[in-house]
Amino acid sequence: MTLPRGTVVHPELAPFVDKLPPFSDPYADIAATRERFRALLAATPADRSGVESRRHEVVRPDGSALTVEVYRPEGTGGGQVAALPAVLHFHGGGYAIGRALPGQDKTAIELCRELPAVTVAVEYRLAPEHRYPAGVEDCYLALEWTARHAAELGIDPERIAVTGNSAGGGLSAAVALMARDRGGPALAYQSLCVPDVDDHVAEEPVPADADDAPDPRTNSLRTIRLAWRHYLPEGAVADAYAAAARATDLSGLPPAYVQVCDLDPLRDPGLAYARRLMDAGVQVTVRNVPGAWHGFELYAPETRLAKETTAHRTGHLRAALYPAGSAGGSSGSAAAGPVRS
């Protein structure tokens, strides 16, 4: 294992570095990239015990349909129990991949069980076929739809949060801004995991010195640069809903959780955004994962570091959605076909 000077990998993660795949351009053949991702998901199906889900089609202004999948603890439908909080989950994947198979969104399922909460997985339009603002407008539309249908979904409209990893974290931050600016549904919390909030990272040069150049296995700078170049329209300058760090006013936003990783090129932009939120009077919890790279949990899920990282993030989201301090659970699974709404 050869890493650039000054790179310190967490001892628990060191054995996994040599197992990381080499860098390749996922956009060179995006269809093939998505198919490989789907095959990987199909090989490791989710544990749906205790969770049921139903897919809905939300009508966009142009008449097309946005698919959302609503996960809930089994036995909590039908208005026979107290309303649950809701979490809108925006998947990561460079704005171009990352969509779960139907009924198989592992993050949504885990949040649904662990919080517990109604979790809404949003199948937003993907770049490069659908560049900004298509994806973030879909995410905001999903928030509006969730709030509008709160009663029938068994959701407490006062306890709605957004969350996402990487690109999903950037979308979560943007949706929080949109809800504030548009007078939309109030959010109780925004949980941003290694969020991609600043397009300026795409302008950062990759050091030419071999000793200082980032190892693409543990530093995703090349991939992040490509993601921004394929997400933004050609020649366009990002605004605050594309890159939340571009917002000039961060006041009035919901409390936030910001997680970053030591070896991630998104660390410094994430920390800077968290600091600006604090300066604007927003309550913020910040966690840096030492010696970890972007998405390390995917490669080392059974390490203590990965489990503690997930538990810390989930615990703070639970505390925000259950301010009085309560949690429960149920078991079972079910699924239903799409319902047009």
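Reader: Which residues in α3 meet which residues in α5?

Author: This is a predicted model. On the α3 side of the contact stand Gly135, Val136, Glu137, Cys139, Tyr140 and Leu143. Their partners in α5 are Leu171, Ala174, Val175, Met178 and Ala179.

Reader: How many nonpolar, polar and charged residues does the contact of α3 with α5 have?

Author: Gly counts as polar and Glu as charged, and the α3 side includes Gly135 and Glu137. By class, the contact of α3 with α5 has one polar residue, one charged residue and nine nonpolar residues.

Reader: Is α3 parallel or oblique to α5?

Author: Helix α3 spans residues 134-148 and helix α5 spans residues 167-181. Their axes come within 9 Å and cross at roughly 60°. That angle makes α3 to α5 oblique.

Reader: Is the crossing of α3 and α5 left-handed or right-handed?

Author: The axes of these two helices cross at roughly 60°. The hand of the crossing of α3 and α5 is right-handed.

Reader: How much space lies in the largest cavity?

Author: The structure holds one cavity of 30 Å³ or more. The space in the largest cavity is about 80 Å³.

Reader: Which elements give two or more residues to the lining of the largest cavity?

Author: The lining consists of Arg55, Glu69, Tyr71, His89, His91, Arg99, Ala100, Leu101, Asp105, Ala121, Val122 and Glu123. By class, these residues divide into five charged, two polar and five nonpolar. The elements that give two or more residues to this lining are β2 (65-73) and β4 (118-122).

Reader: Where are proline 128 and proline 133 found?

Author: A cis peptide bond joins alanine 127 to proline 128, with omega about 0°. Another cis peptide bond joins tyrosine 132 to proline 133, with omega about 15°. Proline 128 is in the loop between β4 and α3, and proline 133 also lies in the loop between β4 and α3.

Reader: What is the phi of serine 166?

Author: Serine 166 has its place in the loop between β5 (155-165) and α5. Although serine 166 is not a glycine, its phi is positive, at about 60°.

Notes
Residues numbered from 1 in each chain as written. Predicted model: local features only at pLDDT ≥ 70, side-chain atom pairs only at ≥ 80, totals over all residues. Heavy atoms only, no water. Axes fitted to C-alpha atoms, helices over the stretch in contact; angles between N-to-C directions. Helix = DSSP H or I, 4+ residues; strand = E, 2+ residues; numbered from the N terminus. Parallel < 35°, antiparallel > 145°, perpendicular 65-115°, else oblique. Left-handed = near helix turned anticlockwise from the far one by under 90°. Contact = heavy atoms within 4.5 Å. 1 Å grid on protein atoms, 1.4 Å probe; cavity = no way out; pocket = protein on both sides within 12 Å on 5 of 7 lines; lining within 4 Å. Points joined across faces, edges and corners; volume = space filled by probe spheres on them.
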